[in-house]
Amino acid sequence: MSAPNLFLIYVSDVERSTAFYSELFQLEPVMRTPRYVPFQVAPGVLFALWSGRSDRATPDAPRTSEVGLMIPGGSSAIDEIFSDWSAKGVTVAEEPHDDVFGRTFVVTDPDGNLIRVSPVD
């Protein structure tokens with residue numbers, strides 16, 4: 001069996017979220033459709049924005065998952081990304097702090113989906 005290779009994030013406004021993630025991760029989409037926009041994050045692995053049916057993905061829907069970005073370089077690299085992203089005006093859910101796995105922080109996308117930055121395991 002193959003390992004998971006498609007990770008979907010539910011969003012209410014695909015254009016807004018495409019701009020947000022393109023700027024945040026400095027990536028361009030593989031393609032664009034009105035309700036689905038994938039980004040290649042590794043060979044054969046896609047991170048995609050999906051509005052699904054517009055009556056199901058609403059801004060007030062609870063978000064229960066996190067997008068993770070593991071960074072090499074230790075605490076200073078994580079603090080530097082926090083500074084860069086804060087300058088871009090992201091919404092901060094958790095300020096940088098030390099946890100059992102190392103330095104970390106959490107921001108949200110425009111729909112409230114969580115994005116955690118942490119050290120490489």
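A pocket is an open set of grid points with protein on both sides within 12 Å along at least five of seven lines, and its lining residues are those with an atom within 4 Å of a point. In the predicted model described here, the second largest pocket is lined in this sense by Leu24, Phe25, Gln26, Leu69, Ala77, Glu80, Ile81, Asp84, Trp85 and Lys88, and about 160 Å³ of space lies within this pocket. Helix H1 (14-25) and helix H2 (74-87) each supply at least two residues of this lining, with H2 giving the most, namely five residues. When the lining of the second largest pocket is sorted by class, six residues are nonpolar, one is polar and three are charged.

The largest pocket, for its part, has a volume of about 250 Å³, and the elements that give two or more residues to its lining are strand E1 (6-10) and strand E4 (66-71). By class, eight of the residues lining the largest pocket are nonpolar, two are polar and one is charged.

As for the chain as a whole, two helices and seven strands are present, and these follow the pattern β-α-β-β-β-α-β-β-β when read along the sequence. Of the 121 residues in the protein chain, 36% count as buried, while the chain exposes about 7200 Å², of which carbon and sulfur atoms supply 55%. Among the contacts with a separation of 6 or more, 48% are accounted for by residues 24 or more positions apart.

Terms used: Residues numbered from 1 in each chain as written. Predicted model: local features only at pLDDT ≥ 70, side-chain atom pairs only at ≥ 80, totals over all residues. Heavy atoms only, no water. Helix = DSSP H or I, 4+ residues; strand = E, 2+ residues; numbered from the N terminus. Buried < 20%, exposed > 50% of the residue type's maximum accessible area, 1.4 Å probe, protein only. Contact = heavy atoms within 4.5 Å. Areas by Shrake-Rupley, 256 points an atom, 1.4 Å probe, with all protein chains shown as cover. 1 Å grid on protein atoms, 1.4 Å probe; cavity = no way out; pocket = protein on both sides within 12 Å on 5 of 7 lines; lining within 4 Å. Points joined across faces, edges and corners; volume = space filled by probe spheres on them. Nonpolar A, V, L, I, M, F, W, Y, C, P; charged D, E, K, R; others polar.
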